[in-house]
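Me: Please take a close look at one part of this structure, the pairing of aromatic rings, and place it in its wider setting.

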Amino acid sequence: LLARKLYEQNHGNSDSEPVESDLTSGKRLSHATTLTPAEEIQVLCLIARDQVQAGNVEAARLMLQQWVEVDQWPRLEGLSPHSSADLLQTAGLLVGRLSTSRLLPRGQIHAEALIHGALGLFEQLGLKTRTAECRSELGNCYDREGKFDLARTNLLRALEELLSDNVVARVISLRRLAFIEMKMGRLHESLTRLDEASRIGASVGPSLTMFLQIETATTFGQLAIAESSNEYFKLASNHYKKALVESEAVGHHRCTAINECNHGYLLLAFEKFPEAEFRLLRSRELFDQLLDRCPQLDETIARLYLQTERFELAEQAISRSVRALEQGGEEAHLAESLRTQGLILCKLN
């Protein structure tokens, strides 16, 4: 249906031959007489971005493997400028997510370069909405690299350029901006952004709202830690529980793992060690099932073992975290893990 709609938009012919497709077997999406390579890649990019959003990153990688190898520039020969930009943006999104989950060497820098390429092409084509979406993705890359000022600048500009009726893109950008505000210590500003995202995105479905619940919980959790507030702690816990229900209901296992990790971090901060350990080890099990590496989780587990004086286990966990982060280019997280590693080594003399 997506292919037919795209073809009709480009050719104005509602009586064209039906499109034959078999994505799962790796066959080409269509006959050459129905879709050009440029049109085909636009359809596949659209589906791949949806798969990444749903947490199915491997499916997106397989869908684009004919054009994209994660450590190289995509194959753009024979594509129109619009399709080239589409492929560059989708490849940047894919590489950024794979770099986070599998820690590709220099993955975030490569993702940033891909999205910059898409941004330049979309600007030349005068496509303001797609340009704004690229700025939002750039903000996400800068966030992972620890460049919070650059991330915030790009996300604010993206929100200025996005039209009010582009609800999904605005919700994603607001959520990312709220995350940056939280990391920069602007906790109440973060909640304001999240409230706006929740208000305009009430109808977008659980694929986005569950992440809003997690971000809201994490921000309340940071307020609870900063102010030693049981009230904020309860609010954070309630939002984590709501996010868990939504993520398990739709089968978004990576979101469930992230939720359990963040909830465990909050419980650890309030020295609720048994429940924190349960949440963190469940998160570790889920990430293992997904074949994802999550060094931030290993760093939090190391803190748990440090605080409960299980120093040998703490050293094993933090060593996994540091080794992984040294490959992936997420410098802010690496700095945090190195700090924790130093504390553990002190305890071990």
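Reply: A residue counts as buried under 20% relative accessible area, as exposed over 50%, and as partly exposed in between. The model is predicted, and the account below should be read accordingly.

A search of the whole structure finds two aromatic pairs. One of them joins Phe 220 and Tyr 232, with 5.9 Å centre to centre and 25° between the planes, and is stacked. Phe 220 belongs to helix H10 and Tyr 232 to helix H11 (residues 230-250), so this pair ties together parts 12 residues apart in sequence. Phe 220 has a relative accessibility of 13% and therefore counts as buried. Tyr 232, at 19%, is buried because its value is under 20%.

The other pair is formed by Phe 233 and Phe 270; the ring centres are 4.7 Å apart and the planes meet at 45°, so the pair is tilted. Distant parts of the chain are linked here: Phe 233 is in helix H11, while Phe 270 is in the loop between helix H12 (253-269) and helix H13 (273-289), 37 residues apart. Phe 233, with 12% relative accessibility, is buried. Phe 270 has 22% relative accessibility, so this residue counts as partly exposed.

Helix H10 (206-227), which holds Phe 220, also takes part in another piece of packing. Together with helix H8 (167-183), H10 is included in what covers the buried residues of helix H9. H9 (residues 187-200) has 14 residues and reaches 20 Å from its first C-alpha to its last, close to the 20 Å expected. Leu 187, Ser 190, Leu 191, Leu 194 and Ala 197 are buried in H9. These residues lie on the same side of H9, because the arc they cover around the axis is only 120°. Thr 192 and Arg 199 are exposed, on the face of H9 turned away from the buried side.

Of its 349 residues, 50% are buried. The largest nonpolar core has 45 residues; Trp 67 and Cys 134 are among those with the most contacts inside it. Helix H4 (residues 81-102) supplies the largest share of this core, eight residues. A second, separate core of 39 residues includes Cys 261, Leu 266, Leu 280 and Leu 304. Among contacts with a separation of 6 or more, 58% are between residues 24 or more positions apart.

Conventions. Residues numbered from 1 in each chain as written. Predicted model: local features only at pLDDT ≥ 70, side-chain atom pairs only at ≥ 80, totals over all residues. Heavy atoms only, no water. Helix = DSSP H or I, 4+ residues; strand = E, 2+ residues; numbered from the N terminus. Expected span 1.5 Å × (residues − 1). Buried < 20%, exposed > 50% of the residue type's maximum accessible area, 1.4 Å probe, protein only. Arc of directions from axis to C-beta. Contact = heavy atoms within 4.5 Å. Core = buried A, V, L, I, M, F, W, Y, C linked by side-chain atoms within 4.5 Å. Phe/Tyr/Trp six-rings, centres within 6.5 Å; stacked < 30°, edge-to-face > 60°.
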